[in-house]
Amino acid sequence: MALFARGWTVTISNSAGRPVLMCSACPKSFVAVGADGAVHVRRHLAGHFVESGLPAYLHTCQCRERGCVWHGRQGPCSGPLRLLLIRADRGLTWHLADACAACAAAIPCAATVPEPPQDAAGRQVRAPAGEAIADLTCEPVEWVEAL
């Protein structure tokens with residue numbers, strides 16, 4: 001896997017009847033607020049995306065970097081890279097990652113997410129200390145809603 005890859009995974013599990021989110025990029029799990037864990041997952045993934053700031057020339061197909069486990073190997077990577085939101089395990093696992101057009105087309109339960117405008121990607125709403133980013137809005141596009 002690339003050292004500074006644009007690829008994150010969040011898994012929702014249950015702990016004492018409350019949804020707990022575990023993120024591949026975060027050192028500890030955290031409890032999701034509210035009943036809709038998927039909304040918190042998408043906001044959390046969006047926060048990682050905003051913080052990444054990886055220049056476009058360093059983007060790579062993260063599906064290929066993981067051996068195409070999201071869809072099984074069907075052919076070589078090809079086509080432009082896309083930012084992809086993948087829902088797996090009946091909505092308990094979510095990935096936000098770059099994927100080439102060939103992999104993106106082969107991955108079930110995946111949607112291409114439009115990249116936010118460059119100037120908006122640098123802005124974020126900070127959460128209180130110790131909490132994940134609670135909201136992310138970019139003008140003129142409501143980018144998080146695309147997730």
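Reader: Where is D89 in the chain?
Author: D89 sits in the loop between β4 and β5. Bear in mind that this is a predicted model.

Reader: And what is phi doing at D89?
Author: Phi of D89 is near 50 degrees. That is a positive value in a residue other than glycine.

Reader: OK, C68 next. Which loop holds C68?
Author: C68 lies in the loop between α2 and β4. C68 is not a glycine, yet its phi is positive, about 55 degrees.

Reader: Is C68 buried or exposed?
Author: C68 is buried. Its relative accessible area is 1%, and the cut-off for buried is under 20%, so C68 qualifies.

Reader: Where does G72 sit?
Author: G72 is in the loop between α2 (62-65) and β4. G72 is partly exposed, at 30% relative accessible area.

Reader: How far is G72 from A106?
Author: In space, 8.4 Å, C-alpha to C-alpha. In sequence, G72 and A106 are 34 residues apart.

Reader: Let's step back. How many helices and strands are there?
Author: The chain has five helices and six strands. Along the sequence the pattern runs β-β-β-α-α-β-β-α-β-α-α.

Reader: What share of the chain is buried?
Author: Buried residues make up 39% of the 147 residues. The chain exposes about 8,100 Å².

Reader: Now the core. Which residues touch the most other members of the largest nonpolar core?
Author: V10, V41, L45, F49, L85, W94 and L96. That core has 15 residues.

Reader: Which elements each supply at least two residues of this core?
Author: β1 (7-15), β2 (18-23), α1 (37-52), β4 (81-88) and β5 (93-100). Of these, α1 gives the most to the core, with five residues.

Reader: What does L45 touch?
Author: Leaving out residues up to four places away in sequence, L45 touches W8, T9, V10, L85, W94, H95 and L96.

Reader: What about a second core? Which residues does it include?
Author: The second core is separate and has 12 residues. Among them are C63, W70, A99 and C103.

Reader: Back to α1. Which of its residues are buried?
Author: G37, A38, V41, H44, L45, A46, G47, H48, F49 and V50.

Reader: What span should α1 have?
Author: At 1.5 Å a residue, its 16 residues should span 22 Å. The end C-alpha atoms of α1 are 23 Å apart, which agrees.

Reader: And what comes just after α1?
Author: G53 does, with a positive phi of about 55 degrees.

Reader: Switching to charges. What's the salt bridge count?
Author: The count comes to one salt bridge. The side chains of D98 and R6 meet there, at 2.7 Å, N to O.

Reader: Which parts does that pair tie together?
Author: D98 lies in strand β5, and R6 is in the segment before β1. The pair therefore ties together parts that are 92 residues apart in sequence.

Reader: Are D98 and R6 buried or exposed?
Author: D98 counts as buried, at 1% relative accessibility. R6 counts as buried too, at 4%.

Reader: Last one. What share of contacts joins residues 24 or more positions apart?
Author: 56% of the contacts in the chain with a separation of 6 or more.

Conventions: Residues are numbered from 1 along each chain as its sequence is written. This is a predicted model: local features need pLDDT of at least 70, side-chain atom pairs count only at pLDDT 80 or more; totals for chains, interfaces and linings use all residues. Side-chain values use heavy atoms; hydrogens and water are left out. A nonpolar core is a set of buried Ala, Val, Leu, Ile, Met, Phe, Trp, Tyr and Cys residues joined through side-chain atoms within 4.5 Å. Buried means under 20% relative accessible area, exposed over 50%, partly exposed in between (1.4 Å probe, protein chains only). Helices (H or I, at least four residues) and strands (E, at least two) are DSSP runs, numbered from the N terminus. Contact means heavy atoms within 4.5 Å. The expected span of a helix is 1.5 Å times one less than its number of residues. Accessible areas come from the Shrake-Rupley method with a 1.4 Å probe; for residues, only the protein chains shown count as cover. A salt bridge is a side-chain nitrogen of Lys or Arg within 4 Å of a carboxyl oxygen of Asp or Glu.
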